[in-house]
Structure formats: structure tokens, C-alpha cells
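Hi everyone, thanks for coming. Please take a moment to look at the picture, and then I'll walk you through it piece by piece.

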Amino acid sequence: MEIYLDNSATTRVYPEVAQLMTKIMCEDYGNPSSMHHKGVEAEKYVRQAKEIFAGILKCDAKNIYFTSGGTESDNLAIIGAAQSLKRRGTHIITTKIEHPAVLNTMKYLEGQGFMVIYISVDKAGVIDLEELEKELSEETILVSIMHTNNEIGSVQPLTKVSELIKKKSPNALFHVDAVQGFGKARILPKKTGIDLMSISSHKIHGPKGMGVLYVGDNVRLIPISYGGGQQGGLRNGTENVPGIAGMALAAKMLYENFDADIEKLYALKKQLIKGALELGDVYVNGVSENPDDIGSTAPHIVSLSFQGIRAEVLLHTLEESGIYVSAGSACSTHKPEPSATLKAIGLDKSLLDCTLRFSMSNMTTKEDIDRVLEVLNKTLPMLRRYVRK
Amino acid sequence: MSRNINKEIFNDFLIKYAEIGIKGKNRYIFEDALIARIKHALEGVEGSFKVYKTPGRIFVSAESDFDFDETVDALQHVFGIVGICPIVKLEKDTPESLMKSLVTYMKDMYGDTLTGKGKTGEQAVAIMKENGFDASKPEDAVREDVLGKLKWQSLLPSIKRDAADCIRFKIFARRESKNFPLDSMELNLDCGEAVLDAFPGLKVDVHTPEMIVYVEIRDYIYLYSEIIPGPGGMPVGTGGHAMLLLSGGIDSPVAGYMISKRGVTIDAVYFHAPPYTSERALQKVVDLAKIISRYTGPINMHVINFTDIQLAIYEKCPHDELTIIMRRYMMRIAEKLAGDCGALALVTGESVGQVASQTLASLVCTNEVCSLPVLRPLIAFDKQDIVEVSEKIGTYETSILPYEDCCTIFVAKHPVTKPSRAVIERHEHNLDDVIEDLMEEAFKTDRIIEIR
């Protein structure tokens, strides 16, 4: 039996999405820029996809741009905005717990002469609003703060952030990396005051290599690649029609049964946290002091630290029972250094290397969580016998 | 290669081999093995090739369009080859036509790169005449050729070939088959003269030449002037068979490469310890085996699940002796696998004193559990030397990937560096009640990955 609890790394593509994509690749394969019927047909898919996203985000279809994924959306938003606004200032604000797609883009901009401030987070992984307010100024041109943290599932108070920006830096653009949040929360950029927002397709049961960048009205970005002028010249290159249509269908399906799914995910999260704490010497990350109060965190991510057990060993042990999870963030395990997010929330040193992320989807069941807890209960004592001396 | 050469003109390669030339009556075995290895190496190269031997020489002939660089690269992975010479093959004809072909070869090969401030023979004589040279005078009565010019060179700096500017060359001619009118000496002289006349930028220097142009008269005439170095060593398959203890580190792939270079066919064993080591650690070892297999030929890689043995040692033996005892069991398993496939030795990447388990005292302890010789080609290498070889053979980048193949849980913070055999043996007895079963179980997990 396979229990896939690594949905924050990537998700299984909905069969309907795969079918639609196959049809487009094999039958409706035209280039949306072509003048003939084949092109018009392909363009229709792109337009429909924009409308689907516009419907979900409650914005206009012209605010939707298609990219190759969350990383490109982040890069285009951050570099594009910084280049566009650099004559007004060089001051950028982000947080210490962003995904590498944002953090390393910021590093790049630092090399280009921009000044980047990294806001701290508390133990629950929520940013310090006072610190943010202090750092915001007339000089600030861009603020980039994620919606849901990919490693611990903490959710940032974006509405409050937006109010602070309006108050202290009315000219600054506000970018949100919503790669983990989209599909798990109703994020309405226009209403919230978000100017730029990144979405990834493969985290929402769509194909890999696809993403969306929401670009608000009156936001001018400098493109980061050049070509045939597609998508208003902001994101050049022939549109990935099957990817776009597939991603849009996945998004549509995800929001069809949204409320029930989210409720179910929170129940599963509660079940997993409760069961894990009963195992002893297990700690939950990314939640406040009161573990029952999980409503303000992401419904699908549970970060657990297992005292005295190396994350990688536990990961492979669970794998032997068909349970797939991540150590920290899947994207950071290629580097032996401990995760920036776990350090930022002040996790005890001895737990840094003992932390696993369980991330669920609406396909996860109560029985799956029962089984995970059962396997943990069986294997933890065995693994704790072998520690480095 | 020292100079930019024109790769278009070659269809044939002469393969130079050194040590295998001296193996007496067994020589054919080595030559045939080398030919087999060359054929194998060329299988992946685009184009079709003929590989054949004549007395004392092995040739590779392209029988279709082929990629010069790819071919040379493949040959540079064949142990036993000392040099790869791109050759031009000529039908035997008159000496004059040979001279013409030689000059054409030089022109095609080096083009304009051989020009300099020197003068052709005719130009030199003209200048000499302008300066009062008179062939009718007895003291000037020298031949208006190379020798005459040489005499005048000492007198007339203006026509002297500028030593700093000219490329020093020599002809190395050999007449192996006697049905050609010029003997080796005459060939040297005539070929040298022809080249000198055609290329003002060259000068003869038989002692410290920068370029040697080889002219070999056999059933055909062969011209070549570039020797691309091969890896040396002995053809794989002529030196028996050994079992390599392979890990994902830097050392053991290099050890495998080096033993293989002496003609030894290798198989390998990797000790896998899930869940303490990951699938990627295994994949990394497979990748390393794949890289060295370009030199060593196919490798059968045994993967043994070592987890239970490791856990038993952890539970029952002193922590600071974990590594030594673990290695003793690895050696025992490797020896058994070696016996099963007819391997005559074990190969490890150990180097004296590199880590605690590689001190002489530790090596004694790990060595004594097996009776097959344990070959340790890196035994006296510094780490930096090993790194250099690994970079050269292309394993370094893979070796330093982060996936560990021994969980730090099983590495003591302060392991013994001077283990005593008696003590280790006594502690090993703690395993007596379980180890036989565990070993049997471990052998049952043996999975062979064929690395091609």
C-alpha cells in the first residue's frame, strides 16, 4: 500500500488533467499565435485557462500570466519589479523563511546593488509585524512575503502586511509566493492588496513545469527573457497549451469541493498531530503554543521533530512501509546544511536534523494517518536504540 | 595533442603498446586481448571500424565516416594503449612519389603553422649568390643543396635559419620491408631534405626535435607525426579477476581503476544499509561503477544488504570498534563472493593512516579474516594524489555528492586507531549466537547489477 504524504513536494496529476493534456497534445496541438483554425483552437484553451484563474482569484483575465512554474513566477515578479522600480529606490523587504526561489533571487539582487531586509519569524513561523512596520519606509520598492511556508505550514497575516505597506510604503509593490497556499486557502489578491502572486501547477495536481504569475493592474514589470512578444511581451515564448489547460482544469477541480476538502484536511492534521504527540519525544513545528489552535496554519502541512532520530533514517524506514514523506523541504535536502526555516523559528539544534514534513492532499484518508501513526509507534523505539555515541 | 592538426586527413590509427610487446610467446594473448578491448571500446562510437594486427603493430581503420575526437577519446580509455597515432597510409611507389606525398601530408596536417623566417634552399642559394657566392670558385664549390647551405649559414647570418623561430624537426624513417629502393638512412636524409625545402619554417634537429615525422615502410607506407598519449597499462582481461569493495567515496573507484589498469578484470561489491543509507547512495555507487567501467569493461556489482549485521555489531560490540568489526565482515563477505566468481584477490581503496580503520594496526585486523590477497593500490597515496586521479578519470564530481553510504550513527566519534587483534576477536565472539544466520541472510540479499 502506498501512502503519499509528500504533497508539498509534488502531487499526483488528476487523471482528468492527464486526459485533457493528451488530447491537446495529440489533437489540438496548434500554436496559439497561428492565424489559422488550429491556432484559434489552441488560443481558446489559453483564454479559458485565464478565465478559470481569474474566477478563482476574483480578478481580470488580463492579470494572469503563464510561466514555467513557481520558481519562474517568483523570479519574474521579484527581478521584474526591482528592475522596473530601481530608479525610485533599492530597498526590498522579505522574510527569513522564504522558499529558495525567493531567497536566492534576493541574493542575486543584493549582488546587483539592492538592499534586502530579512524579517524574523516567531517560534510558530509567523513574521514579526512590528519589525516589518519598522523596516517599511518611503524607500521600500518591493515587499515579498510568502503565503504558506513550505516546510512548517505557517501562514502569514497578509492582510495586515498589506495594510502596513499601504500605510508606510504606499508606492511599494507587494509580492506573495502562494505556491503552497493556492488551493489550500482562498487568496484574493485584489481584495488583499497583493500586486504580484506566484502559483505552481504541480502542487495542485497539475503538470510539472507550469505556473501562474498574477500581475495586478498598473503594475509594470521588466521582462527577464525576450522573444516573440507572447503574453504582452512580459513572458515570451510559445504558450505551453497542454500545460496551461491542464493546470487550469486542476485548479478548477480543486476549488469545486473546496470547503469540504479543507475541513477534512484540518481534521487529518489534528489527528496526525494528536497521535504524534502521544508517541512521546515528538514536537510539532509551525503551530502556536496551543496545538489545538491550528486553524491559522496550513491545513495540509505537519512538521514533526523526532528527538534522537535522524530524519533521513526515519524517512527511509517509513518508505519501507510505503509511506512517503520529506526531510525538511524536498528542495533543500540536496544541500547538507540545515533548513533556513527551521533555524529561523529557533528550533533546538538537536532537532534540526530530526524533522520530517508530512504533507497531505484531498486524496489522503483517515486510514492513511492511522497507518502512519501505527508505523511510527512501532518503529520509533527500535530506531531510538541506535544513536551515535 | 601538442599542435592543432587537421583531423580530416586520417582514416587510420596506429596503436602503440609498450609492455605487452615483451611478453615473448604469450604476446599474442596480450595483443588479442588488446584488440578485443579496442573493439569493445569502439562499439559506442559512431562509424564502423576494422581492428587488426600486423607483426608488431595494431591498427584501427575507419570503414565509414567517423568522428575523430570521439574515436580518440574511446581509445584513450583502453588500457594497454601507450600511444594513438593518426596515420596516413600510402601504397608503395617510387621514392619521388613518397617525397611528394610526405610534403602533401605535412601541408595538409599543419597548413600554415610551419612558416617562419627561414628560407627555402633556392632562396638561400639566391641570397648566397647576391653575397658573392660563386659555384665556379673552388672554395665555394659546394653543392647548391642542403649541405652547401649549411656551410654558408655559418658565414651569412642573413640566410641563416633563425633557431628561435624555426620549428625543430627530425625524420624517423624505418624500412621494415626491404623491397623499397631507399634504406632507413637514405630515407631519413631524402625525406628531411624534401621537408626542409618545402617548409622554410622548419629546421633539422636530431637531438632535441619538437616534431618527429615517422615514415615506416611496411606492406604499405605509413606517415605520422603526432602521438596522442593513451592510458598505458595492460589490456583488461590479461591479469585475472578481482573483487573490488566499492563505496561512494573518492578512493575505492580510483583503486578499481588502478588495478584494472594492470589488466585485471573487476567485479564489485557494495554494502547497502537501508534505511540508514538511501537509494540515492546506491545510485551514486552505480554511477561511479559506470564511470570506471569505461576503462575496466563490464562490472558485475553485487549489492549486499548489510543493515542487520551492522545493527548486531552496534548492539553487541564496543562502540569504538564498530568500524573495524564491520570491515572484517565486509571482507569476509567480499571473499566469499570472490570465491564464487573465481576472483583471485580483493581490492580496496585503503591508504595507510587516512582514517582510523586504515592504520597499519587496523589493516592487520581487517586483513587477517581473509586468505585471498588484498590489493591496495592506493596504500601509499596522499589524499590529494587520489583526488587528482579521480578528477582525471571523472569520478570526483560524483564521489563528492552528499549521499552518505555509511550512516554517522555507526561511526564512533573516537574509534580505535590501534586495535589489538586479540581484543577485536574476543569482542567479535559476542556475535556468535547470531552472526551465522545474519551472514546467510545477507548473502540471500545479494543482488547483481550489471554495469555496462
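Which domains does the domain assignment give for chain A? There is domain 1, made of residues 3-10 + 257-384, and domain 2, which covers 15-255. Please keep in mind that this is a predicted model.

Let's stay with those two domains for a moment. Their C-alpha centres lie 27 Å apart in chain A. Where they touch, 28 residues of domain 1 of chain A are in contact with 24 residues of domain 2 of chain A. On the domain 1 side of that contact in chain A, α9 (258-279), β10 (301-306) and α11 (340-344) each supply at least two residues. The largest share comes from α11(A), with four residues. And what kinds of residues make up this side of domain 1 of chain A? They divide into twelve nonpolar, 15 polar and one charged.

Now let's step back and look at chain A as a whole. Its secondary structure comes to 13 helices and 13 strands. Along the principal axes, the C-alpha atoms of chain A fill a box of roughly 65 × 55 × 35 Å. For 389 residues, a compact globule would have a radius of gyration near 21 Å, and chain A has 21 Å, so the two agree. Buried residues make up 49% of the 389 residues in chain A. If we take the contacts in chain A with a separation of 6 or more, 74% of them are between residues 24 or more positions apart.

Next, please find strand β4 of chain B, residues 83-90. Which strands does it pair with? With strand β1 (residues 12-16) of chain B, β4(B) pairs in the antiparallel sense over five bridges. Within that pair, B:Leu14 has B:Cys85 as its bridge partner. Three bridges join β4(B) to strand β8 (residues 221-224) of chain B, again antiparallel, and there B:Lys89 stands opposite B:Tyr222. Two bridges join β4(B) to strand β9 (residues 228-229) of chain B, also antiparallel, with B:Ile228 as the bridge partner of B:Ile84.

Last stop: the largest nonpolar core. Of its 223 residues, B:Ala242, B:Leu346 and B:Val347 touch the most other members. Helix α10 (residues 322-341) of chain B gives the largest share of this core, eleven residues. If you click on B:Val347, look around for the residues it touches beyond four places away in sequence, among them B:Ala242, B:Met243, B:Ile259 and B:Leu375.

That's my tour, so over to you!

Terms used: Residues are numbered from 1 along each chain as its sequence is written. Chains are lettered from A and ligands numbered from 1 in the order in which they are written. This is a predicted model: local features need pLDDT of at least 70, side-chain atom pairs count only at pLDDT 80 or more; totals for chains, interfaces and linings use all residues. Two strands pair if DSSP finds at least two bridges between them. The radius of gyration is taken over C-alpha atoms; the globule rule is 2.2 Å times the number of residues to the power 0.38. A residue is buried if 20 or more other C-beta atoms lie within 10 Å of its own, exposed if 12 or fewer, and partly exposed in between; C-beta atoms are placed from the backbone. Two residues are in contact if their C-beta atoms, placed from the backbone, lie within 7 Å. A nonpolar core is a set of buried Ala, Val, Leu, Ile, Met, Phe, Trp, Tyr and Cys residues joined through C-beta atoms within 7 Å. Domain bounds come from an automatic or database domain assignment. Ala, Val, Leu, Ile, Met, Phe, Trp, Tyr, Cys and Pro count as nonpolar, Asp, Glu, Lys and Arg as charged, and the others, Gly among them, as polar.
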